[in-house]
Amino acid sequence: MLPTIAEDRLLAAIYWLGAFCTLGILTILYAENRLYRLLEHFFIGLAVGYGLFIAIRDVLEPVWWRAMMTESSGVIANFDKSPNLKGVVLDRTIKREGDGAWRWSPRESPRLLLTKVPTDWGTPNYLRLWLRSDKVVPDGMLTFRIRLRNPDTQKDAVLTAQLPTNFVGWRQFVLDLRRDFRITGEPYRRFEKVGRYRVLSGVNALELIANPAVQQAGVVIHLDDWRHCIGYRWWWAFAFVWGLLFYTVLIPRFAWMSRMALSVLMGLGAGYTFKAFVLEAGPQIYSSIKPVLGVPFKTAVNNAIFVTVLLCVMTYFFFSIEHRHPAIRAPARLGRWLLMLTFGIVFGNTVMGRFSLFIGRLDFLILQNPLTISVAWKALLVMTIAFALFFLAYLSVRWERQKRRAT
Amino acid sequence: MEDFAHWLVRFQDIDRRYIYLAVAATLTLPIVLQLRMPQIPTPPTQAAFKAVENVPDEKVVLIAADFDTGTVGENGPQLRTVLEHLMRRKKKFVILSLIAPQGVTIAELYSRTIGEKYGYKYGRDYVNLGYLPGGAPTLERMGRSVWETFPTDTKRIPLSELPMMRQVRSAQDIGLVAIFTGSGVLPSYVQTFWAQFKVPLIEGCTGIIVPELFPYLEAKQLVGILPGLKGAAEYEALLQQNGLGMRGMVAQSVAHALVIILILLGNLGMWLSRRPSAQRL
C-alpha cells in the first residue's frame, strides 16, 4: 500500500519539482548542457504522453469507441422505489434489474401517470421499455404517451405509441421515436433539428393507459428498466479503416491506397476552405472599403491613412507589372516600409511575449513559493538554487569540452 | 568622449549572457519589490470588458482555452481576470479546447481556485467539456447541438446530468465566446460562431499575434482583444483587481526600456565602428 501524503506536502513537492525543472531549463541561457537536455527530454516526453492520454480519454474513447460499442442509453425510470400511486405497488420478487419492479393493476387504475422522470433525454433514437404481462389479452392495447413542453416554442407536444398485450412474461419493447410514435405538436428543439439526432427536452410526464379489453381481463402488468437510447453507431468503424489507409504509405506495394484517404481529406479541406474564405475574408474586404468624404474630419483622416496603407501594401505585392514606373515604384516602396514597420511591431510584441513568459515563471518561482518567509528571502532562495544549477551546467559544459579535446 | 566611443564599439562584442543577466535582473527586481504602475485601458480591452458585462443572464460564456503551458505567461493572467469578472457577475461558463489538451486542465484549475472565493460549483455554474479536435467542423456541429458533439464532460458525466448543461444545447444558449490562445485558432470561431450563429467573440492573445487580429476587430468579427500581458493588466485595471497582469507590467516596462537602451547603444556602436576614424579605436 502506498503511504499517504498530506495535500500541502504534496503541493510543496510539486512546487519544488516545478522550480527545479524551470531553473534547470533556463540553464540553456548559459550554454547547451546535459542538465538542460535531460529536462528538455523530460518535458517533451511529458507533453507527448499527456497529449496521447487526453486524445484517448477525451476523444477516441467517448466520441468514437463508446459511440460504436454502446447504445449510449439513459435511464427514464428504473422502478426501484415504492410508488405513491393508486393501483401500483413495488414488487421485489418479479423484476428485470435493480431492487424491484412496479406491479400495476389496470383494472384498479387504468391510467398510470409518471411525473418524476428526467426532463432532458438528450438525442435518443429509440426507447427500450420492459413490460411483463401475466396473461395474453389478444385485443388489449396500452397507450404510451410522452408529454413535453418544447423550450423553444413554449408549446406542449405529445408522442403517442401503442403497445399490444398479446404476450405473457417479460417483453422488451423497442420503440423507434420516428417510426413508432404519432407526434402531436413539435417535440424537438428547432435549432437542433439537423441531421439524424434530435434533442428531446422539457419532458414532464409519461402516461400509460390501458384500453377496456386490458381493464376487463384483470391482467397484471409489471414495469421495469425503461431507457432512451441513441443506439450503436457502428458506421464509426469505417473511420478506423479509413485512418489505417494513411499508414499504407509505409508499404510500397499498397502505398496507392493512402492517396485515396488523402484525396478525400483534401477535397473536404478544399470545400471547407472555400466556405471559410467567404465567411472570414468577405467581411474583412467589405470593411476595407472606407469613405474618405462625407464623414467627420477625424474619421476621414483615419480612413485616408487606412486606405493609403492598404493600397501601398497591395501595390508592393502586385507583380503583374514591373515596378519601374514612378506611379508603381513609389507606393510599392512605401508599402515595403509599412510592412517593415508591421514586422517591427510584431518583433516588439514577440519580445513582450517572451518577457511575459519569464514573468509568469518568476511569479511561480518567487510569489507562489509555499514557504512562509518574506518575498526577499524567497527570491534569495531561488537565486541560490539557480546559481547551483548554473554551476552544474558550467561543470557539464566544461566536462564535455575536455572530453571532446581528449578525443 | 573618445573613451565612450571606444567603449561603445567594444560593447558590440559583449557576451550575450551579460545581457540575459541584466534582463533577468530588471525583470526580477520589480516582482520582488512588488511595484505597481497605473494602467490606462485601451479601446480593444474596454470593448472586451463591455462584451463580458453585456452577456445576458440566461446565456453562458464559452471559454475556449486554446493554449498550453508554452503561452501560460500571457494567456494565464488574461484567463484568470476574465474568469474573475464572470464570477463577480455570476455568469456561468463552459470550458473547451480545440487545439490544446493542457488548456482545459489549466482553465479548470483556475476556475476551481477562483471559484472557491465566489462559491462556484462544478456542474451548476461551470462545466469543462474538455478537448475535442476538429477545428471549424467541430464548432459548427457544437453550435447546432452541444449534446451531440460532447456526449460527456471531462469527468465522464453525461451532459443531461449536469444541471447547468440542461439549458445549454446550442449556440443559441451561448452569449459570448472568449478565446485564449497563442495560435491561429480564431478563424475557426469566426467562420462558425460569428458568421453562422451570430455569437460575439473576444480574444485574449499572445503579443506576437496582436497585429494579425486588427483586421478582425476592424470587420467587427471580434468585439474586443486582450493583447498579451498588457491586455490582462488593462482588464485587471477595469476590474480594479491586483493580479499577475498588474504585477508583471512594471517588470515588462523596465525590461522594455532596457532593451530599447541596448538597441540604441548597439546601433550607435555599429555606426561609430563604421566611421573612418573608428579604425583607430
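How many bridges pair strand S5 (residues 201-205) of chain B with S6(B), and in which sense? I looked this up first: four bridges, in the parallel sense.

**Ground rules.** I noted that this is a predicted model, where local features need pLDDT of at least 70, side-chain atom pairs count only at pLDDT 80 or more, and totals for chains, interfaces and linings use all residues. Residues are numbered from 1 along each chain as its sequence is written, while chains are lettered from A and ligands numbered from 1 in the order in which they are written. Helices (H or I, at least four residues) and strands (E, at least two) are DSSP runs, numbered from the N terminus. Strands pair if DSSP finds at least two bridges between them.

**The sheet in chain B.** I traced six strands in an open sheet with parallel pairing, ordered S3-S2-S1-S4-S5-S6. Strand S3 (126-131) and strand S6 (224-227) are the edges, each pairing on one side only. From one strand to the next the twist averages 15°. Helix H9 (residues 210-218) of chain B lies across S5 and S6 of chain B, at about 170° to S6(B). I read such angles as running from 0 to 180 degrees between N-to-C directions, with axes as lines fitted to C-alpha atoms, for helices over the stretch in contact.

**A strand in chain A.** Next I checked strand S5 (residues 126-133) of chain A. Six of its eight residues are buried (20 or more other C-beta atoms within 10 Å of a residue's own, C-beta atoms being placed from the backbone). S5(A) pairs antiparallel with strand S8 (residues 169-176) over eight bridges, and seven bridges join S5(A) to strand S11 (residues 221-229), also antiparallel. I followed A:Tyr126 both ways: its partner in S8(A) is A:Asp176, and in S11(A) A:Cys229.

**Where the chains meet.** I found 54 residues of chain B in contact with 48 of chain A (C-beta atoms, placed from the backbone, within 7 Å). On the chain B side, helix H11 (residues 244-274) gives the largest share, seven residues.

I then picked out helix H7 (residues 326-367) of chain A and helix H2 (residues 16-33) of chain B, which pack at about 45° with axes 10 Å apart. Among the residues meeting here are A:Phe355 and A:Ile366 from H7(A), and B:Leu27 and B:Val32 from H2(B).

Technical notes
Contact = placed C-beta atoms within 7 Å. Buried ≥ 20, exposed ≤ 12 C-beta atoms within 10 Å, placed from the backbone.
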